[in-house]
Amino acid sequence: AAFGGAAVLAAWAPGRVNLIGEHTDYNGGFVLPMALQLGTVLVGSPTQDGTISILTTSAEADEPHRVQFPAPRQGSPLSPGQPRWANYVKGVIQHYRGGPVPGFSAVIASDIPLGGGLSSSAALEVATYTFLQQLCPDDGDLVAKALACQKAEHTFAGMPCGIMDQFISVMGKEGHALLIDCRSLETILVPLSDANLAVLITNSNVRHTLTGSEYPTRRRQCEEVAAALGKASLRDATMAELEAARSCLGEEVYRRARHVIGEIARTAQAAQALQDRDYKTFGRLMVESHNSLR
């Protein structure tokens with residue numbers, strides 16, 4: 001109705017919560033997220049004038065809530081700008097692997113709390129990509145889809161995120177967590193089908209932003225330690241190697257690396273515990289993970 005007609009296309013993508021594996025994805029390690037029922041939807045229709053018009057219904061998004069721009073063409077690519085929320089959409093359109101993308105109008109709606117740490121940005125990227133797949137199909141490669149959405153966040157939102165959020169939004173399956181090897185990009189579905197098991201997700205109401213946070217700093221610190229140890233990433237480092245180099249590292253940088261190396265091992269153990277329905281071990285590993293992050 002916002003664009004004077006009925007929508008003919010619809011796409012949805014879920015948010016996520018990460019059970020264990022914090023700050024491991026950009027270090028080539030393991031993560032164990034699960035997709036949520038909360039998600040982001042795009043509904044819309046193709047247009048004939050080569051113009052893309054998008055409206056967000058999110059009251060929390062920065063103004064303006066409606067944007068219009070020409071579809072990208074050879075020699076005239078899209079570029080990021082204001083409002084910030086539109087950059088996630090523009091980035092996916094620019095890096096879409098099918099196409100050329102025609103003009104279209106679309107409305108975005110989401111029930112994922114913004115800034116709640118549930119990956120509202122990845123859900124928006126993946127929903128946009130899924131919408132474009134209906135508009136002008138690509139080859140259907142799921143890994144390439146997740147990587148294109150990650151590239152959109154890097155280049156248009158200025159956020160050097162790892163691959164976890166886009167991967168789980170693309171590949172999440174109901175009743176399962178997903179163990180992701182962020183180096184090989186292999187995934188293993190881990191069943192959460194035990195009727196006695198419930199995952200409780202609580203909102204602390206502490207606002208979370210990746211772009212303005214310590215995240216890029218933390219990523220850079222991890223890369224520094226890997227380089228100092230002569231490793232491609234901390235995935236290849238052992239705790240013994242880190243301890244041997246401790247005197248050459250700053251205390252904070254050392255602690256960051258110690259967490260990552262320990263967390264990569266914990267995440268693999270946690271996935272096995274979940275497979276074995278050993279929830280006591282899984283809970284202990286979660287507590288160790290939280291303590292390690294402090």
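**Reading features in a predicted model**

Tutor: Let's begin with what the record says. In an unreviewed entry, UniProt lists residues 87-173 as "domain: GHMP kinase N-terminal". Keep in mind that the model we are looking at is predicted.

Student: How much helix and strand does the chain have over residues 87-173?

Tutor: That stretch is 55% helix and 8% strand.

Student: How do I read a pair of aromatic rings?

Tutor: Two values describe such a pair: the distance of the centres and the angle of the planes. Let's apply that here.

Student: How many aromatic pairs does a search of the whole structure find?

Tutor: The search gives 2 aromatic pairs. One of them is Tyr-96 with Tyr-129, an edge-to-face pair with 4.8 Å from centre to centre and 65 degrees between the planes. Tyr-96 sits in the loop between H1 and strand S5, while Tyr-129 belongs to helix H2, so this pair ties together parts that are 33 residues apart in sequence. Both Tyr-96 and Tyr-129 are buried.

Student: And why is the pair of Phe-104 and Phe-131 called tilted?

Tutor: Look at the angle: the planes of these two rings meet at 50 degrees, so the pair counts as tilted, and the centres are 5.2 Å apart. Phe-104 is in strand S5 and Phe-131 in helix H2, 27 residues apart, which makes this a link between distant parts of the chain. Phe-104 and Phe-131 are buried too.

Student: Which charged residues lie over the face of a ring?

Tutor: Lys-90 lies over the face of Phe-69, at 5.4 Å from the ring centre. Arg-235 lies over the face of Phe-30, and here the value is 4.4 Å.

Student: Now a strand question. In which sense do S6 and S7 pair?

Tutor: First, a general idea: side chains in a regular strand alternate between the two faces of the sheet. In this model, S6 (residues 176-181) and S7 (residues 187-191) pair in the antiparallel sense, over 5 bridges. Ile-180 stands opposite Thr-187 in S7. The hairpin has 5 residues between the strands, and Leu-185 takes a positive phi near 65 degrees.

Student: Last one: where is Arg-73, and what does it touch?

Tutor: Find the loop between strand S4 and helix H1; Arg-73 is there. With 42% relative accessibility, Arg-73 counts as partly exposed. Leaving out residues up to four places away in sequence, Arg-73 touches Pro-100 and Val-101. Its side chain reaches the backbone oxygen of Val-101 at 3.5 Å.

How values were computed:
Residues numbered from 1 in each chain as written. Predicted model: local features only at pLDDT ≥ 70, side-chain atom pairs only at ≥ 80, totals over all residues. Heavy atoms only, no water. Pairing = 2+ DSSP bridges. Helix = DSSP H or I, 4+ residues; strand = E, 2+ residues; numbered from the N terminus. Buried < 20%, exposed > 50% of the residue type's maximum accessible area, 1.4 Å probe, protein only. Contact = heavy atoms within 4.5 Å. Polar contact = N/O pair within 3.5 Å; in protein donor to acceptor, adjacent residues only side chain to side chain. UniProt positions renumbered as here; feature names shortened; annotations may be inferred. Phe/Tyr/Trp six-rings, centres within 6.5 Å; stacked < 30°, edge-to-face > 60°. Lys NZ or Arg CZ within 6 Å of the ring centre and 35° of its normal.
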